[in-house]
Amino acid sequence: MAVTLQQIADLAGVSRGTVDRALNNRGRIRPEVEQKIKKIAKELGYQPSRAGRALAMAKKKLKIGVILQSAKTPFMQDVLKGLEAAKKEVESLGTTVDIKQIDNVNAMQVVEFMEQMRKEDVNGIALSPSEDGYLKQTINKFIHEYNIPIVTFNSDLEGTERLCFIGQDTKRSGQTAAGLMGEIIGGKGQIIVISGHGENVSLKNRAVGFVQEIEKSYPDVEYLGMRFAYDDNWVAEKITEEVLVQYPKIKGIYITGSGVLGVCEAIKTAGKTDDIKIIANDFIQENIYWLMNGTINFLIGQDAYTQGYQSLITLFRKLFDNKNPEKDCLYTEIVIKNKYNI
């Protein structure tokens, strides 16, 4: 027989309403009373009615906000597909989901959207952050002062008390790229890293992992530094053209994010496809094209769809069922593809 709220209330010596508030996070209750109620509920094996919770949440009008940076990049469009699928799922249970898109990397705009969402009484926010002190402070303020849980996806932000991070272990991804690069260039020669925005934590960590592993395991490889293309293919192409003139014997390029089209166009135009090894990230259509024609040697994937889908579902489960994620970081798989197994 199912355990009822009234049974728990009788054992705890409180009202049924107090039990309801304690188990469903509705209103303020003394911590010791809440702890006692939850302990009794657990011992009795209490399971809330999901249908009842859905009805209650529909009446409460649960709201979730999502903020997506670099939204126009092909990778983030795949993340958006996952978000849209999760949105459809949770909205069927009476939840409202508001997805805001930012074309580039703009921490101040993220903060502005967060404040707008707070005024609209959102219950939780999922966002892709960038490296910014004020954004970090704002995230912690939302968590502690406003009791609004935050889930980060694609990029994490150290120093925040977000509910969890969902995405790739980007430092390990960079190490993986370094291992591949070191082997395919024979352990020696000049290489360069082309990245997107310096404020993008994921890209920064990939570069750090890559450089550290190259220096550790391939001492005869000469690292020529990092250039920033700001998610712009034209800029990436111009950077590559300059690098080819400055370093005519360069043997490898690691692209941490967007800009693949620009780099590959420059390599093709210079007739260097057979001479320069390229490793890039993400299984988006334009990257696959350059992989299949031999310009890119390896692509490293991070499951964009899952990052979007799971970030919203994880936050929903916290708000709907008061279920915390199993881990602080829910890493997606690091997948390596070449033209033979894509």
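Buried means under 20% relative accessible area. Arg 162 has 9% relative accessibility, so Arg 162 counts as buried. This is a predicted model.

Arg 162 forms a salt bridge with Asp 328, and the closest N and O atoms are 2.7 Å apart. Asp 328 lies in the loop between helix 13 and strand 11, and Arg 162 in the loop between strand 4 and strand 5, so the pair ties together parts that are 166 residues apart in sequence. Asp 328 is partly exposed, at a relative accessible area of 46%. Asp 156 belongs here too: salt bridges that share partners join Asp 156, Arg 162 and Asp 328 into one network.

## Other salt bridges

Side chains of opposite charge can pair when their charged atoms come close. The whole structure holds 12 salt bridges. One of them links Lys 38 and Glu 34, with 2.9 Å between the closest N and O atoms. Both residues lie in helix 3 (residues 31-44). Lys 38 and Glu 34 are four residues apart there, about one turn of the helix. Lys 38 is partly exposed at 30% relative accessibility. Glu 34 is also partly exposed, at 23%.

Lys 100 and Asp 98 form another salt bridge, with the closest N and O atoms 3.6 Å apart. Is Lys 100 buried or exposed? Lys 100 has a relative accessible area of 19%, so this residue is buried. Asp 98 is partly exposed, at 26% relative accessibility.

Strand 4 (residues 150-153) and strand 5 (residues 164-168) run parallel and are joined by three bridges. Thr 152 has Phe 165 in strand 5 as its bridge partner.

## Helices on the sheet

## Aromatic contacts

A pair of aromatic rings is described by the distance of the centres and the angle of the planes. The count comes to seven aromatic pairs. Among them, Phe 210 and Tyr 254 are stacked, at 4.5 Å centre to centre with 25° between the planes. Phe 210 lies in helix 9 (residues 201-217) and Tyr 254 in strand 8 (residues 252-255), so the pair ties together parts that are 44 residues apart in sequence. Phe 210 and Tyr 254 are both buried.

Phe 228 and Tyr 230 form a tilted pair. Their centres are 6.2 Å apart, and the angle between the planes is 35°. Phe 228 is partly exposed at 30% relative accessibility. Tyr 230 is partly exposed too, with a relative accessible area of 48%.

A charge also meets a ring. Arg 118 places its charged end over the ring of Tyr 146, 4.4 Å from the ring centre.

Note on methods:
Residues numbered from 1 in each chain as written. Predicted model: local features only at pLDDT ≥ 70, side-chain atom pairs only at ≥ 80, totals over all residues. Heavy atoms only, no water. Phe/Tyr/Trp six-rings, centres within 6.5 Å; stacked < 30°, edge-to-face > 60°. Helix = DSSP H or I, 4+ residues; strand = E, 2+ residues; numbered from the N terminus. Buried < 20%, exposed > 50% of the residue type's maximum accessible area, 1.4 Å probe, protein only. Lys NZ or Arg CZ within 6 Å of the ring centre and 35° of its normal. Pairing = 2+ DSSP bridges. Salt bridge = Lys/Arg side-chain N within 4 Å of Asp/Glu carboxyl O.
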